[in-house]
Amino acid sequence: MTSVEDKPPRALLAGASRRWVRLLPWGVAFVLGVALLPTTIRVLTADYGLNGGVASVLAVAQAAPLLLAVVHPLRAWCVVFAADVAGALALLTVDFEERLLWPFPPMGIVGYLGLCLALGLRERRRTLLLVWLVTAGANTGLAFVAPHGAGAMEVLLTILSGVALLLAAALRERYEAQRRLAEQETISEAERGRRTLLEERARIARELHDVVAHHMSVITVQADTAEYRLHGLPPDVREEFTSIAAAARESLGEMRRLLGVLRNEEARGELAPQPGLTRIGQLVEATARAGVPVGFTPCDADVPEAVGLSAYRIVQEALANVVRHAPGAPTRVSLSQSADDGDGARLTVLVVNGPPPGPPAAPLEEGGTGHGLVGMRERVRLAGGTLDAGPLPDGGFRVAARLPFTERNPT
């Protein structure tokens with residue numbers, strides 16, 4: 001396994017989303033290097049009177065590593081710090097005016113501060129503290145050999161480097177905190193969606209238990225009473241009916257055990273019959289009493305119980321969303337049966353609401369469980385149907401589901 005230390009180092013700000021931010025460190029390092037190199041040579045030779053060859057070597061050692069600092073700031077600091085100290089000692093060999101800065105000329109200070117910013121964006125607090133202590137120690141030591149006596153200028157680099165290191169470190173830690181928060185929010189949102197989906201599937205399984213159990217019970221009763229209702233059955237046929245009844249009873253027992261796993265302590269009222277198409281009208285009336293003007297177009301189609309249950313839950317979730325997020329908005333609920341076009345008959349469930357009356361107001365419920373659309377999509381998917389849900393141009397919302405009458409494999 002590759003450790004963190006084995007990974008190739010990345011450039012400063014390489015994780016930024018915008019390209020110009022990723023290129024910014026390279027641009028700054030290039031500009032500093034190009035500007036400081038000739039300026040350092042000229043100032044050291046013309047103003048300080050240093051030998052041209054020595055000045056050139058010092059300028060290259062102080063400016064060229066700034067490009068390295070984009071990827072390896074600590075290595076670049078080692079080279080630049082050594083060059084700065086060597087330059088300060090070299091200036092002791094020449095006689096320069098007292099007005100000129102020592103131990104570090106202005107170009108050296110500018111380059112060193114840029115390097116400190118790079119260090120603060122990459123290194124840990126302990127490393128930054130050691131860098132500042134070494135810088136302060138070097139300034140203190142050089143102050144004892146100052147050619148014109150010790151003064152305030154000897155501590156200038158110590159103060160400025162500390163400020164640069166602290167500022168860059170604060171910016172880096174703030175960025176890291178925001179990045180970790182964004183990653184945690186992404187993980188939490190994914191986990192919340194997964195948990196919601198699993199809870200909705202368990203809820204659907206509990207509700208469909210009544211539907212399936214009813215049909216299995218009918219099979220069991222018919223198979224058990226076949227020999228009494230149908231006279232003259234051959235022995236092998238009676239044995240076949242007995243086997244069917246036993247298998248049905250065994251299946252019912254397995255279903256009850258499975259349902260016991262899916263149930264939770266908060267589940268209530270699961271012994272009541274599951275609702276279907278005939279109960280949607282009552283649901284619409286209850287919503288209208290809550291202050292939402294709802295129009296309803298019923299459908300008296302003879303649909304399978306699972307389809308009726310799914311249609312009821314879809315309408316229930318859609319109306320609940322209207323009450324929560326668009327209270328008072330005019331709403332239309334429509335149920336219709338499409339003719340068999342070779343692909344099987346389908347039940348179309350349509351819930352459309354307009355924008356809420358008056359200016360936008362805060363919803364009646366903040367947040368919510370997030371089960372609405374997730375539950376609708378999962379029910380439609382398990383039924384092999386299709387769902388179209390989304391906002392309308394006028395500010396309303398539309399939910400349209402098509403549920404096949406015949407069972408299909410969910411895709």
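**Figure 1. Looking for disulfides, and finding zero of them.** This is a predicted model, and a search through the whole structure turns up zero disulfides. Two cysteines are worth a look here. C78 has a relative accessibility of 44%, so it counts as partly exposed. C116 sits at 0% relative accessibility, so this cysteine counts as buried.

**Figure 2. Helices α4 and α5 pack against each other.** Helix α4 covers residues 73-91, and helix α5 covers residues 106-122. To describe a pair of packed helices, you give the angle between their axes and the distance between those axes. For α4 and α5, the angle is about 155 degrees and the axes are 10 Å apart. Angles over 145 degrees count as roughly antiparallel, so that is the label for α4 and α5. Their crossing is left-handed.

**Figure 3. Stepping back to the chain, with its eleven helices and five strands.** How many of the 411 residues are tucked away? The share that counts as buried is 37%. Now take the contacts between residues at least 6 apart in sequence: 72% of them join residues at least 24 apart.

Methods:
Residues numbered from 1 in each chain as written. Predicted model: local features only at pLDDT ≥ 70, side-chain atom pairs only at ≥ 80, totals over all residues. Heavy atoms only, no water. Disulfide = S-S within 2.5 Å. Buried < 20%, exposed > 50% of the residue type's maximum accessible area, 1.4 Å probe, protein only. Axes fitted to C-alpha atoms, helices over the stretch in contact; angles between N-to-C directions. Helix = DSSP H or I, 4+ residues; strand = E, 2+ residues; numbered from the N terminus. Parallel < 35°, antiparallel > 145°, perpendicular 65-115°, else oblique. Left-handed = near helix turned anticlockwise from the far one by under 90°. Contact = heavy atoms within 4.5 Å.
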